[in-house]
Amino acid sequence: MKTCTKCGATPVIIHRKASGQMLCKDCFIESATEKVLRNIRRNKLIERGDKVAVALSGGKDSVMVLDIVNSLYERNIINLFAITIDEGIEGYRKHGVEIAAKNAKKLGIDHRIASFKDYFGKTLDEILHNESRQHGACTYCGVFRRWIINRVAREENATKIATGHNLDDETEAILMNYLEGNIDNLTRIGVKSEPKNDKFTVKIKPIREIPEKEVALYVIARELDVHFDECPYSRESFRGEVGRFVKELSVNHPTIMYSTLKGFDKIKPAIKKEFSGKKVNMGNCIQCGEPASHELCRACLFAKSLNGEQ
């Protein structure tokens, strides 16, 4: 019978092919937690006195972030609250919002729910049925979500926004932008954002080095309430195609995602030095007042277009 590499107990719940390590439930939880906290310390993602806003969808990734970052809140190192965005996706989002609220309530932290309908007058479903739309679901969703989260975080005086990007997400983002030749986006990928405007709150990625499978195992092992359903629009995206490709590669090459991330982090300074020369004059949107590099921010530009305005 296989025994835990760290304590010798049984049963083993994970065999990490990349390292050869086999862990029981308790040692796996301890190992994953310490890995996330080490990432936070090493990259100075969270510091004493911070007010951290966790972007909480109710899915496994954000629930793991909330669970671990909450340990810093319990020790009075930081203040903490959660933001959940209701995009308005029939048959999918309602359950996620309920799970998010349940997790926040269980931990006794403040929780704000903000919807596309409240801020932009339309649900994501309605946007996709709009004859004026020019983009796919993920493009509208990403732009509107980022706009609302940044706005709410600033209203709540948050100093950091913690997101649930895991190792799979980061690997996919790196490969997508390589494949699309989007060097500008590549210069922005990282564990911590570097805002070009005071109205942007710094974004951090505490679980960036945790594979998606281990995130799922963590929330199950911790018996946390999680919304496991997949967004119905995610499979139609380019990210979805790249994600399936990476997962197939990982079957025979279990370290491929780690090496992609580590390799990228090593060359990123050179990419930034070579391609970040172009200065962006970041001002404020004339309509909503949020940061913008043109007269209108992207969210207002999209909203205007969806309303049939030029």
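The legends below describe close-up views of a predicted model.

In this predicted model, local features need pLDDT of at least 70 and side-chain atom pairs count only at pLDDT 80 or more, while totals for chains, interfaces and linings use all residues. Residues are numbered from 1 along each chain as its sequence is written, and side-chain values use heavy atoms, with hydrogens and water left out.

**View 1. Helix α7 crosses helix α11.** Helices here are DSSP runs of H or I with at least four residues, strands are runs of E with at least two, and both are numbered from the N terminus. Helix α7 covers residues 167–180 and helix α11 covers residues 256–275. Their axes come within 10 Å and cross at roughly 55°. Axes are lines fitted to C-alpha atoms, for helices over the stretch in contact, and angles run from 0 to 180 degrees between N-to-C directions. α7 and α11 are therefore oblique to each other. Angles under 35 degrees count as roughly parallel, over 145 as roughly antiparallel, 65 to 115 as roughly perpendicular, and the rest as oblique. The crossing of α7 and α11 is left-handed. That term applies if the near helix is turned anticlockwise from the far one by less than a right angle; clockwise is right-handed.

**View 2. The contact of α7 with α11.** From α7 come L167, D168, E170, T171, I174, L175 and Y178. They meet M257, Y258, T260, L261, F264, I267 and I271 of α11. Contact means heavy atoms within 4.5 Å. By class, the residues of this contact are 10 nonpolar, two polar and two charged. Ala, Val, Leu, Ile, Met, Phe, Trp, Tyr, Cys and Pro count as nonpolar; Asp, Glu, Lys and Arg count as charged; the others, Gly among them, count as polar.

View 3. α11 has a kink of about 40° at I267. Buried residues of α11 are M257, T260, L261, F264, K268 and I271. Buried means under 20% relative accessible area, exposed means over 50%, and partly exposed lies in between, with a 1.4 Å probe and protein chains only. An α-helix has 3.6 residues a turn, so residues three or four places apart point the same way. The cover over the buried residues of α11 includes α7, α8 (183–186) and α10 (238–252).

**View 4. Helix α7 crosses helix α10.** The axes of α7 and α10 come within 9 Å and cross at roughly 110°. That makes α7 roughly perpendicular to α10. The crossing is right-handed. On α7, the contact involves D168, D169, T171, E172, A173, L175, M176, L179 and E180. Their partners in α10 are F238, R239, V242, G243, V246 and K247. This contact has seven nonpolar, two polar and six charged residues.

**View 5. Helices α1 and α2.** α1 (25–42) packs against α2 (residues 60–74) at an angle of about 70°. Their axes are 11 Å apart. α1 and α2 are therefore roughly perpendicular to each other. A32, T33, V36 and L37 of α1 meet M64, I68, S71 and L72 of α2. Six of the contact residues are nonpolar, two are polar and none is charged.

View 6. T10 and P11 are joined by a cis peptide bond, with omega about -5°. P11 is in the segment before β1 (12–15). K44 is not a glycine, yet has a positive phi of about 50°. K44 sits in the loop between α1 and β3 (51–55). K44 is exposed, with a relative accessible area of 54%. N157 also has a positive phi, near 60°. The loop holding N157 runs between α6 (137–155) and β6 (160–162). N157 is exposed at 60% relative accessibility.

View 7. Y92 lies in the loop between β4 (79–86) and α3 (93–107). Y92 is buried, with a relative accessible area of 12%. Y92 and E230 are 138 residues apart in sequence, and their C-alpha atoms are 8.1 Å apart. Beyond its neighbours within four places in sequence, Y92 is in contact with H227, D229, E230, C231 and P232. Q287 lies in the loop between β8 (283–284) and β9 (291–292). Q287 is exposed, at a relative accessible area of 55%. Leaving aside neighbours within four places in sequence, Q287 is in contact with L296 and C300.

Definitions and conventions:
Bend = angle between axes of the 7 residues up to and from the residue.
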